[in-house]
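Please examine the following structure together with the briefing below. The points are grouped by topic.

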Amino acid sequence: MELLKQIFVEPFEVMYALPDLLLQTLWEGFVSGTLYSLIALGFVLIFKASGVFNFAQGIMVVFAALTLVGIHAFGVPAFLAVILTLGVMALLAFTVVRVVMKPLVNQPDIILFMSTIGITFILIAGGQLIFGGEPKAMITEELGLPTGASDWEVGGGIVIFQHIDIAAAVIAALLIAGLALFFNKTKTGRALRAVADDHQAALSVGISLEYIWVVVWFAAGVVALTAGILWAAKSDVSFALQVVALKALPVLVLGGFTSIPGAIVGGLIIGFGEKLFDLYWGVPILGGGTESWFAFIIALLFLLYRPEGLFGEKLIERI
Amino acid sequence: MNAHDPHLGTKFDDGIAPGETLLNVDNISLSFGGVKAITDISFDVLKGEIRAIIGPNGAGKTSMLNVINGFYHPQEGTITFRGEQRRKMKPYQAATSGISRTFQNVALFAGMSTLDNIMAGRTLKMNKNFFWQMWRHGPALKEEIEHRKVVEEVIEFLEIEHIRKEPVGTLPYGLQKRVELGRALAAEPDLLLLDEPMAGMNLEEKEDMSRFIIEVNQQYGTTIALIEHDMGVVMDLADRVIVLDYGKKIGDGLPEDVQANQDVIDAYLGVSH
Amino acid sequence: MFYREAGQYKTTYEADSAKFPILQDKLFIWFYLAIAFIVIPLIGGEFFLGAIMIPFLVFALAAIGLNILTGYTGQISLGTGAFMGVGAYACYKMTLAFPDVNILVFIFASGIFSALVGVFFGLPSLRIKGFYLVVTTLAAQFFLEWAFIRIPWLYNYNDSGAIEVPQREAFGVIVTGASASAEVRYLVCLTVVVIMTWFASNIISGRIGRSWMMIRDMDIAAELMGVRPLYAKLSAFAVSSFYCGVAGALMVFLWLGAAEVESFDYNHSFEILFMVILGGLGSLLGCFLGAAVIWILPVIIRAWLPPIVDTLTPFIITSSQADLVSDIMIGVMIVVFLIMEPHGLARLWAIIKQKLRVWPFPY
């Protein structure tokens, strides 16, 4: 009875009594949600174009941020460091496609997936070997990103908006819009959608698979760099980020593996959900720390109910 | 060999005499979303006969087989197999009630050997529990070897002794089709569904396959429903033929009657609808 | 030349379906077992047995568990570490509650608990396939990691948050705890692993193993041949988690002596998965080969690389950097094996055997 009250009554009483806390939580959920969406978007790009479930997307976020900070540490100006990092991500995209994806073409999905786990391992250990394992501060100010915060008074309390969070939401929205334009309006974008639809058919009209794959892996690298900068500006550049980035997986489950709007909506659901759950239910009932698994358990329950995701189409199996 | 030893040809004792109705398909309609795959089809299959289902591509033949063995669930209509009426059944139930099949695009277990693939057909006939399996020596091994004997009969029947231990993924297409038939036969089905058993075969392979089908039918009395495109084969093998076009039945009867049917000729030659 | 099967005719199906149909193989396996049971405990010291052989056996057992699920049933899992944790914590709680019971009983019983947990997290596999399982097994991993920290009852309210292995006996011999000798721990571990490997190979070659492989290769056809996906998948999850649970209990009780949540984190899930990939999906021998490579390679690199780099180049490498080097090598090996030989070391071994069989002729 006490438990039922804790689950169904008290959280809402608290929400009503402290609207500023609720708003603050929603805002934080929204910000982390956009970042989850951004990471998930990287997955979706590669999955759509090559059917590869790229487990390394999470570590690419860390690796990109590390490279940026590492290059900057050599005294390279921030904007040049960004360009050099993009170069590194392009090189990574080219190498991965050339060395790993191309020889594995037509292998079962599970083999390709496992190869990306191998890449993950190489990037984790390689990143630590080159840049060291200790957390580093992101070069937020050098990149011209805003710092500081604004307050907003609500119902007797205040809600704090970190400027970097606002910038993160705006940049994520711009990047997503840019990618959408790129895929819908350019020739490469059209080729990419053709490949996503049917490899063989795309090949037969003269689209180079290898080129398209390098493009999507690079695009995923750009998304990873953006996500890495924005995320690390809130905390630090560390390998712990990689575990956070794994939350893009439940986001994908909710949104469907091939849907860009799905990735966005899924990311927001997870972002709001885990913050609200932990504050109002996790801490009082379960002792807190539920953010580590909430997204995954939600995804698990959701899969039981609707395996094809929010926006995925129901598959008709043929034989 | 005592009476309990399994061996090929111990037929399903279903109490249905040859010539009586084994399977009755009543007013089946099936659609995916808004697309109608099958519209109001009815037919029957008699015990011991070879029944062919023919029709142009996309006529709903494979969908019909999928409905019969429970892989698709029709929106309307019923299926009566051995006197039991079913609307929705699971593929597993179809398998237990004695329906076995092969597939249009070979659906073998690619990572397993020919022997294991055909042993897989015996799955339902084996029942030693997990703990016996764990121990293996004793009842589980005895069971395994009894069934191995049956499987060897199938292998001998289909003349595939030489590829017994080959992984099926590496076999040529014609042999894969034969292994797949073997797997279906090892289940000792009451009703055998063959989905284009001769697709993509050369003349010699077709002749072999036709011979196996006739022998299965005559030697073991297995009822067969098959889909086939090669009209020559169909006219020779089948006792009765059903013709589907655009998900509807347009002909049903003896091969020579169907051949003379104007609707069927139109469907094949393509008269505008 | 030396490895000939000529003249060895099989006259019964029983002989034909034996696991080691060739006489030489049969002799070899007894030979290896004799070395493992007699020679290694006699000549291997405390370090070799305690820090190399026991972890090798533990990881091999966990790899068998994962291989049953991933290699034989085709269901990928990233929750191995957590399932090992369930076994370890279950064993700990049981032996605290009943200190006088033979510890081996609890080591096996702990597998039952992780089997139950495994079945629960395996339930979604009935509706979903492939990559989605990555998410649900990661759900198991992260949820259980959380539980190992947040439920103090599991570690008996120790301030350290760790489980510390008490001294326990089996058949009057001290098996666990600080005063158990490395030889005893090794022999107990070896016995458990050998018995469970034998059981696993029996299950795999019988009806149940075949139904797992049918699900792996073509689930729709398997269902139409009369395999119930519910039973096949959940039994694979149960057996797999059982093996992982026992491996987890062995890991803490016979090797580490004390453990906290880090011992079961998701890095371990990856490590075990790598053993399976490298050793060979769908091969029991591969589990041992993979465990050997992934466990022993870093040990060798840690011991040899720093002095070599030190003497040959002006650079200095710390042992943690050497570990990173071995991580990179493992990652590269994974990718190379997936490209060159997706069936892993076990397939390489089979090729070598085939070559030996026909040597000195090419065919």
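**Briefing on chain C**

In chain C, 75% of the contacts with a separation of 6 or more join residues 24 or more positions apart; two residues are in contact if their C-beta atoms, placed from the backbone, lie within 7 Å. The model is predicted, so local features need pLDDT of at least 70 and side-chain atom pairs count only at pLDDT 80 or more, while totals for chains, interfaces and linings use all residues. Residues are numbered from 1 along each chain as its sequence is written, and chains are lettered from A and ligands numbered from 1 in the order in which they are written.

**Overall form**
- Chain C has 14 helices and four strands, which are DSSP runs numbered from the N terminus (helices: H or I, at least four residues; strands: E, at least two).
- The C-alpha trace of chain C spans about 65 × 60 × 45 Å along its principal axes.

**Interior**
- Of the 363 residues of chain C, 49% count as buried, that is, with 20 or more other C-beta atoms within 10 Å of their own C-beta atom, placed from the backbone.
- C:Leu250 touches C:Val58, C:Leu61, C:Ile107, C:Cys189 and C:Val192, leaving aside residues up to four places away in sequence.

**Contact with chain A**
- The contact takes 33 residues from chain C and 37 residues from chain A.
- On the side of chain C that touches chain A, α6 (131-150), α11 (266-279) and α13 (319-340) each supply at least two residues.
- The largest share of this side, twelve residues, comes from α6(C).

Key
A residue is buried if 20 or more other C-beta atoms lie within 10 Å of its own, exposed if 12 or fewer, and partly exposed in between; C-beta atoms are placed from the backbone.
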